Structure formats: C-alpha cells, structure tokens
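Welcome to the tour! Keep your viewer open and get ready to select a few residues at each stop.

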Amino acid sequence: MKELPQHIRQIDPCFLTWFVGFFEGDGSISYRDSKVGSRISFDAITKRAEFEITQEISNIQLLHKIRKLLGFGRVLEYEKNGKKYARFYTSKQEHNFRLISLFNGNLVLRKRREQFTEWLNALNQGWQLNISIKPFTGCVTLQNAWLSGFTDADGGFNTNSKNGFKGTKDHNGNVRFRFTTKYYITQEGETNVLTQIKQLTGAKNKLTQLTNGYTQKLYNRLEITSSEATAVLIDYFTRFPLKGKRRIDCLRWARVHGYKMRYVVLN
C-alpha cells in the first residue's frame, strides 16, 4: 500500500468514522472496463474501480478537507443542467485498497453492505485478489461520529425562524408566537437504521413516507421534534460536530432550541 503523504502520519479515527457515515449517505463505488465502459466485467489490463462523492458546489470546501485528511484523490468541478457541482474522485488501485480496508466490516446501511460486497467480489475477480468480506459489525450509536457523517450527507435541520416564529391564531385572531425545531433524515428503505436513531434519542415521532416530487417511489422519513430528543441530538453534535455546510444549520437549530428552553418571550 502506498505511503501517506509525508505531512500525514496518522488519520484521526474519529474522522474516519465520520467519513464512513458520509460515504454511506452520499458516496458512490463502481467498477468497469475502461475500454468498453462496462460495469460488469473487467479486462485483465484495463480494469478500473472508481470511488466518488458528489456535492453541490457550495460544499466544495468539505471535499477539499476530505482530500487533505485522507491524503489522496482529486476534487473536480463540473456543470450539469445549468447547475455546478464538485466531486471527490479516485480510481487508483492503491487508493481503493485503503477504502476497502476502511469500509470492510464497518458499513451500517443494508444497501451499502450489499453494494460493497458486489464491488469487492468484482475487484477480487478482476484483479485476481482474495480479500475476504468481513462480518459487518457497524451500527448506529451516539458514541462515535458515524451519525454526524451520515447527517452531513442526508440529514437536515429546520426551524420556523423564516416566518418570524409565527404559530397558530387564538380565538381572537391574534397570532401566537412559538419556537419549533425539527431534525430529519430521509432514506429509501433502511427502516431499521431510522428506528435505531429514533430509539437512541428517545423520540416518539412515527416514521412517515413521502416521494421526492419527481417519481412515485416512496422514501422513509424520520422527523425529531420533541425538546427531550432534540437535547440528546444537540449533545451528540456538540461531541461530534458536523463538517460541511449543514453545520451552520445545526448551530441555528440548536440556538432556537435554546430560546425555547429558556422561555424567551416573542411578540
């Protein structure tokens, strides 16, 4: 395995756990023959494995941070349908070996475990390797940074600050003011993982289903709104901070929760 760049002696394990969660939310792994574009079979010479994470251009600094901390890969910018994006990318064999070591046995989502197993089996066959699939022991917990990375990829934070904290009207027609907060994660399938997050925080909200607005496919959604569960999440994200653009949303969300718990008066 190729040595890390000279200025990188050791990668923080907390960052690596965060990175696994971020990959599970937004990453992509594939394999193909670079001559014919096939993702099914390899040629003995032209075989290629690819890893990438794509983000909106506004989150490009996070990809640069990932590249710096891992010590490999490239950050590329591109435009699609008039919108700008950035992606962290590598197809070098030695880099993929590092990623295999990191993900093997540590993935949490069922779909990612299945995808990784298919990917590694293809690499074993194409590169004439014999790397075993380790038993997957990764799980959702509030004691490591996996959920922080997963939230950076697929989570979100909402408050009612944009409408001036306005609530419902009383019987006299006067507007009631209140603070509301919401943490949410949406996934295709993965009800077990969403349920585990719900149980760890003590949330009472039921999982709901929705579409993405473009297809009829249903996605599962967890929303956490109670003060008690929100406090658990705030403690978690204080210990394992977000690293991308959602960090600002998280700080604002936590601030509004603080207003609510201090019974700040709004009029």
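Let's begin with aromatic rings: a search of the whole structure, which is a predicted model, finds 24 aromatic pairs.

For a closer look, select F51 and F88. Their rings make an edge-to-face pair, with 6.2 Å from centre to centre and 80 degrees between the planes. Now colour the strands: F51 belongs to strand β2 (residues 47-56) and F88 to strand β4 (residues 83-90), so this pair ties together parts that are 37 residues apart in sequence. Both F51 and F88 are buried.

Next, select F116 and W119. This aromatic pair is tilted, with 6.1 Å centre to centre and 50 degrees between the planes. Both residues sit in helix α4 (residues 110-126), three residues apart, which is about one turn of the helix. How buried is F116? Its relative accessible area is 1%, so F116 counts as buried. W119 is buried too, with a relative accessible area of 1%.

Two stops show an arginine over a ring. Select R87 and Y89: R87 lies over the face of Y89, 4.7 Å from the ring centre. Then select R221 and Y184, where R221 lies over the face of Y184 at 4.2 Å from the ring centre.

Finally, turn to the cysteines. A disulfide is a covalent bond between the sulfur atoms of two cysteines. How many disulfides are there here? The count comes to zero. Select C14, which is partly exposed at 32% relative accessible area, and then C250, which counts as buried at 10%.

Notes: Residues are numbered from 1 along each chain as its sequence is written. This is a predicted model: local features need pLDDT of at least 70, side-chain atom pairs count only at pLDDT 80 or more; totals for chains, interfaces and linings use all residues. Side-chain values use heavy atoms; hydrogens and water are left out. A disulfide is a pair of cysteine sulfur atoms within 2.5 Å. Buried means under 20% relative accessible area, exposed over 50%, partly exposed in between (1.4 Å probe, protein chains only). Rings of Phe, Tyr and Trp (its six-membered ring) pair if their centres lie within 6.5 Å; planes under 30 degrees apart count as stacked, over 60 as edge-to-face and the rest as tilted. Helices (H or I, at least four residues) and strands (E, at least two) are DSSP runs, numbered from the N terminus. A charge sits over a ring if NZ of Lys or CZ of Arg is within 6 Å of the ring centre and within 35 degrees of the ring normal.
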